[in-house]
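Here is a short briefing on a protein structure. Look at the sequence and the model, then read the points below.

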Protein chains: 2
Amino acid sequence: MTKVTATMVKELRERTNLGMMECKTALTEAQGDMDKAIEILRKKGAIKTAGRAGREAAEGCIQSYIHTNGKVGVMIEARSETDFVAKNEEFQAFIRDVCMHIAWANPVALDRDEIPDEVLEREKSIYAEQIKDKPEHVREQILEGKLRDFFKRACLLDQEFVKDSSKSVGDLVTEQAHKFGENIYIKRFVRYEVGDTES
Amino acid sequence: MTKVTATMVKELRERTNLGMMECKTALTEAQGDMDKAIEILRKKGAIKTAGRAGREAAEGCIQSYIHTNGKVGVMIEARSETDFVAKNEEFQAFIRDVCMHIAWANPVALDRDEIPDEVLEREKSIYAEQIKDKPEHVREQILEGKLRDFFKRACLLDQEFVKDSSKSVGDLVTEQAHKFGENIYIKRFVRYEVGDTES
């Protein structure tokens with residue numbers, strides 16, 4: 001069976017704007033065939049906007065937010081398919097909201113793929129140590145739960161949105177994509193805080 | 001004789017807010033002794049604000065600028081010694097001007113120290129090839145001139161300020177430092193342009 005790599009999952013996520021697990025499952029089912037995976041997701045109804053998947057999001061906008069004390073700043077590049085959406089006021093307001101979220105929640109990465117391997121390994125080894133006395137048959141499950149919590153703290157798209165904790169930032173991006181009927185995603189972000197480069 | 005390293009020059013620049021060549025010359029004269037180099041610069045009158053050199057600039061502000069088309073954005077962390085200066089309107093307006101300059105002039109690095117060695121070596125080898133037919137005794141001089149031009153294109157602090165080409169951005173930072181009587185410098189910057197991560 002073809003190995004489903006992180007790069008493949010990332011590509012499918014960018015093309016479909018769907019969650020990591022959903023994309024990974026579809027790719028596994030499609031044995032690594034990208035187009036087949038999109039077809040599977042479409043059949044499942046996961047891709048709600050016909051024809052959206054696979055269209056390149058080449059337009060976009062840059063937004064920033066400087067916290068009122070002037071000590072924290074965030075800048076985002078968000079992507080959309082058309083300049084019409086990129087310039088849409090509601091879309092821009094949403095991206096500004098995400099900037100504000102980042103200023104507050106201080107994610108270390110955009111998504112799970114961006115967490116460096118060594119950081120992930122370190123986390124896993126800490127959790128393994130914490131649960132080493134648990135019965136073996138539940139360890140895997142506990143480990144997965146702990147990792148999920150870690151991703152919810154560390155990854156922007158997994159974080160609970162500061163203005164509405166019932167949704168993740170990733171959920172909100174998907175909502176925007178459905179609203180505008182376009183492939184929309186956050187390409188990158190940067191967060192500066194005065195003094196955070198001292199070490 | 002003690003070797004004057006890039007790190008030493010960088011430290012002296014941060015402590016004095018003076019240009020690279022000035023700091024390098026002083027450090028060479030002082031045989032690598034940081035305090036002696038500061039003394040030399042003070043004697044020369046290069047450090048005009050008594051007591052400024054060596055004081056840590058632990059305060060600062062974050063500023064950003066999004067170009068009106070929303071396709072280019074810049075964020076800067078600027079440092080000062082006191083929060084009084086960091087919050088000063090004129091100082092903040094200056095940093096915003098530098099943001100705008102970066103959006104326009106697209107520097108690849110903050111200063112010469114930040115140019116990766118391999119980039120510098122590549123430039124040098126190109127120039128060496130270009131001038132290989134010149135008489136040997138003028139080659140060094142031409143090479144230096146070409147490198148100076150390269151730094152003026154690539155490094156923010158060496159670039160001519162877009163609003164006043166008679167001054168470099170570094171000159172303006174120094175002017176601000178003298179005006180406020182504080183050690184002031186640009187700690188870092190980031191420039192996003194929609195689509196510049198495709199390759």
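N106(A) counts as partly exposed because its relative accessibility is 39%, where buried means under 20% relative accessible area, exposed over 50%, and partly exposed in between (1.4 Å probe, protein chains only). This is a predicted model, in which local features need pLDDT of at least 70 and side-chain atom pairs count only at pLDDT 80 or more, while totals for chains, interfaces and linings use all residues. Residues are numbered from 1 along each chain as its sequence is written, chains are lettered from A and ligands numbered from 1 in the order in which they are written, and side-chain values use heavy atoms, with hydrogens and water left out.

**Asn106 in the two chains**

- N106(A) lies in the loop between α5 (89-105) and α6 (117-130) of chain A; helices (H or I, at least four residues) and strands (E, at least two) are DSSP runs, numbered from the N terminus.
- Most residues other than glycine have a negative phi.
- N106(A), which is not a glycine, has a positive phi of about 45 degrees.
- In chain B, N106(B) sits in the loop between α5 (89-105) and α6 (117-130), and its phi is also positive, near 50 degrees.
- N106(B) is partly exposed, because its relative accessible area is 40%.

**Nonpolar cores**

- A nonpolar core is a set of buried Ala, Val, Leu, Ile, Met, Phe, Trp, Tyr and Cys residues joined through side-chain atoms within 4.5 Å.
- The largest such core has 27 residues, and I76(B), F91(B), V98(B) and L156(B) have the most contacts inside it.
- At least two residues of this core come from each of β1 (59-66), β2 (72-80), α4 (83-86), α5, α8 (169-180) and β5 (185-193) of chain B.
- The largest share, seven residues, is supplied by α5(B).
- Leaving out residues up to four places away in sequence, V98(B) touches I76(B), L156(B), V169(B) and I186(B); contact means heavy atoms within 4.5 Å.
- A second, separate core has 26 residues, including V72(A), V85(A), F161(A) and A177(A).

**Interface of chain A and chain B**

- Chain A gives 33 residues to the contact and chain B gives 33 residues.
- The two chains bury about 2,400 Å² between them, with 54% of it on carbon and sulfur atoms; buried area is the accessible area (1.4 Å probe) that two parts lose on being put together, summed over both.
- On the side of chain A, I62(A), R188(A) and Y192(A) lose the most area to chain B, together 30% of what that side buries.
- Six salt bridges are counted between the chains, each a side-chain nitrogen of Lys or Arg within 4 Å of a carboxyl oxygen of Asp or Glu.
- A salt bridge joins the side chains of K71(A) and D83(B), at 2.5 Å from N to O.

**Two further residues**

- E182(B) is in the loop between α8 and β5 of chain B, and it is buried because its relative accessible area is 6%.
- K24(A) belongs to helix α2 (residues 20-29) of chain A.
- K24(A) is partly exposed, because its relative accessible area is 39%.
- Apart from neighbours within four places in sequence, K24(A) is in contact with V4(A) and V9(A).
- K24(A) and V108(A) are 84 residues apart along the chain, and their C-alpha atoms are separated by 22 Å.
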